[in-house]
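Work through the exercises below with the coordinates open, and try each task before reading its solution.

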Amino acid sequence: MDQGFLQNVLDAIPAPVFFKDAAGRYLGCNTAFLDFLGYTADRILGKSVFELSPPDLAARYHAQDQALFDNPGEQVYEAQVQNARGERREVVFYKATFHDTEGKVAGLVGTILDITDRKQAERRVRESEERLGALIQALPDAVFLKDGEGRWLVTNGAAQALFGLAERDWFGRTDLELGSEDPARAEVHAVCARNDELVWQQGGMRQMLEIVEDGQGRRLVFEATRIPLFDSVGQRKGIVVVGRDITERRAAEERLRQAATVFDNTVEGISITDRDGIIQSVNPAFSRITGYAEAEVIGCHTRILQSGRHGADYYRAMWRTLARTGQWQGEIWNRRKTGEVYPQWLTIGTVRDDEGEVSNYVAVFSDISQIKDAQSQLERLAHYDPLTGLPNRALLGDRLAHAISRARRAGTSVAVLFLDLDGFKNVNDSLGHPAGDRLLQIIAERLCGALRSEGSVSRFGGDEFAVVLEDVVRGEAVSEVAEHLIAEIARPLDLDGHGAHVSASIGIALFPRDGDDATTLIKAADTAMYRSKALGRNTFSFHHEDMAQAAHRRLSLEHGLRQALEQGRFELWYQPQIDLRTGVLAGAEALLRWRDPERGLVSPAEFVPLAEETGLILPIGLWVLEEACRAGRAWLDVGLAPGRIAVNVAAPQIERGGFDQAVARVLSASGLPPAALEVEITEGSLLRSAENARLAVAALRALGVGVAIDDFGTGYSSLAYLKNLAVQTLKIDREFVRDLPHDAGNLAITRAIIAMCRSLGFGVVAEGVEEPAQAAFLVSEGCTLAQGYLFAKPMPGAEFAEWLRTYRPEQHVQGFSALDYAEDRSRS
């Protein structure tokens, strides 16, 4: 056969073809072989592999060729080929020996299949499988791949651990086979097989929960996802199972569900805020307690709930505690939507994120209004009498102890009045306990009403009450209170249509005189109360005898004053006021006297202060004004000239207001000319009620009535104040006149007063002038008017009228000249 024809045949073959002699030298090849290697024919023919290929490849080729020559026939193997460009390709060599005419091996013929692309694809698939395997192994979920018969083909470490397969041969085995070898997990494998079958039958992916018991006996909850695989004709090809352990998640969900149930159903209000105090969530109890619906507070700051009772320092301390300890707990007052302020018991906890930073605050609170009310009720029951609402014995002791402490610091006194009702038992026995209870309530109301803010009342027990008075200065003031309480209690009682009367026996003890502690004082007052019982009831007694006698004297005096007013036992006596220069009568001072059937003529110094304290000075003072005006008018009508009648006015008359109106009415009623009346107001009265006094003086002057300041020099009035008062006359107190002209101090004071009156344009009257030398000194200093025993003693109205008829001015003017005073002074 033509050699050229054979070469054309070889070149027509697309696969690379080559042949060698028995020595391994290339005898020929086709074009595909040359193209594959990138060589020309002359580069290859006659050459061995050692001349064409790298040593590592050449050695492999030579070894394979020798093996084939040693065992003639066919040979297939994979190797690499390096082309002229230095690239190595993956190939499969297919070789076979050929023989000469004698049957000897003459050489080999071979072809090459380029499998580089296939090898790369296989490597990619292998690498992908390895990555997938690594991924599956890394998954925390248990992953299974089974074939269409349910045989296990692929598992990961989680699956093997779950089913205890790490040390077992599991590949290609079914669940039933595996379960038979592990009875502890037989049921689990059976459930898996049943569920696999169920999913295959349904033909689609499905999720289901499975309970698996691990090797430690724990029951684990798995969320299993099954994906069935089918081939093109619908035959079962396999199934993928992914099992996720959701035991902790289910437990967390259960805890969350329980927490949500608690959150929604707890009676405590709960709010959750961000780190800045902005409300993010609230529960129904929050809305029920605060009145705010959830939508009204979400996004609002918690300060929307603040009551305003706590200052900024309170909240700063709260936040400091939260920052330091992560929790704050305490009582706080907040405000409802309605505006009502109410008490809460509040607990605030701090929530931190994974980095330890504050993310939220949780506040849990309860409305403790009822608890506070109950506490108040218990407190009240412990310290207050439930029947009368008054403080009980325990609170009395506490308050009295505090009162004693205050009095000890202030240097004042405290009085305890212990009251026992006389006749209560009779009412209780005859009308019944309800009537007795009502009587005690009425008495409690009367005691509180009588005292107002002057003292505190307590129910000591049974029909006994106690009163505590603080800042006591005089025992007489306590007597007044006791007398007032006795009068209030003695008023008739109406007990649901039944009339009743009770009285009170009162015992009085004073701190510190009768005791320096609460127990001792109460005991002393109780002892004094029994003395009142012994004295016939319906009276009061002091624990100390001197005080008791003084109180009874005062009580008797007050009673006598009231009788004197009712029975007309007051009198006005008159003492003339003389012009020292001429001896002419300038007027007379009306002086109040009390003629008592038992006491005789009572000194004004004894009863006037009591009249002012009891308020009797008001009706008495009006009587004095009316009587003086009436007498003055009567004397004028019979042709006598009494001059200006001076009437003394007490401070309460000025303080009450309207005194000028009362004077106007009396003047109108009596017909006495206003110029014939002078009102004397003591310097002390002016200072007690300065504004009322200023207005009263101005109004009296407007009426035409004269105004004098009595007892001048004994008070502390300023010159500026005197200048602004519309008074006409100052009366020098008898204390400054008494030792004139020998006492240098009195002399200087009197001289200064006279000089001041002259400068201000005031008239001046000296009181208590008894010696000619006194009168002479006063004249020499410019004092023109005086009164005193030197001229006449105070005398009743009838005697004063007779004195007016017989008085001769010249009998008093002799011896009062400045020359006489000078001579007297030189003799002394």
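## Exercise 1: the largest pocket

The lining of the largest pocket comprises 36 residues, and those lying nearest its centre are Glu589, Leu591, Pro604, Asn648 and Asp710. The model is a predicted one, in which local features need pLDDT of at least 70 and side-chain atom pairs count only at pLDDT 80 or more, while totals for chains, interfaces and linings use all residues. Residues are numbered from 1 along each chain as its sequence is written, and side-chain values use heavy atoms, with hydrogens and water left out.

Task: state what volume the largest pocket has, and which elements each supply at least two residues of its lining.

Solution. Begin with the definition: on a 1 Å grid over the protein atoms alone, a pocket is an open set of points with protein on both sides within 12 Å along at least five of seven lines, a cavity is a set of points where a 1.4 Å probe fits but cannot get out, and lining residues have an atom within 4 Å of a point. Grid points are joined across faces, edges and corners, and a volume is the space filled by probe spheres set on the points. The volume of the largest pocket is then about 970 Å³. For the elements, helices (H or I, at least four residues) and strands (E, at least two) are DSSP runs numbered from the N terminus. At least two lining residues come from each of the strands E23, E24 (585-596), E26 (644-649) and E28 (706-712), and from each of the helices H21 (604-614), H22, H23 (651-655) and H25 (683-688).

## Exercise 2: a ring pair beside the pocket elements

Task: classify the pair formed by the rings of Phe570 and Trp623, and say which elements hold the two residues.

Solution. Rings of Phe, Tyr and Trp (its six-membered ring) pair if their centres lie within 6.5 Å, and planes under 30 degrees apart count as stacked, over 60 as edge-to-face and the rest as tilted. The centres of Phe570 and Trp623 are 6.2 Å apart and the planes stand at 45°, so this pair is tilted. Phe570 belongs to strand E23 (residues 570-579) and Trp623 to helix H22 (residues 617-637), so the pair ties together parts that are 53 residues apart in sequence. As for accessibility, buried means under 20% relative accessible area, exposed over 50%, and partly exposed in between (1.4 Å probe, protein chains only). Phe570, at 7%, is therefore buried, whereas Trp623, at 25%, is partly exposed.

## Exercise 3: charges over rings, and cysteines

Task: find which ring face Arg336 lies over, and how many disulfides the structure holds.

Solution. A charge sits over a ring if NZ of Lys or CZ of Arg is within 6 Å of the ring centre and within 35 degrees of the ring normal. Arg336 lies over the face of Tyr342 at 3.9 Å from the ring centre, and Lys95 lies over the face of Phe93 at 5.1 Å.

With a disulfide taken as a pair of cysteine sulfur atoms within 2.5 Å, the structure holds 0 disulfides. Cys757 is in no disulfide, and the nearest cysteine sulfur, that of Cys783, is 8.4 Å away. Cys757 counts as buried, at 1% relative accessibility.
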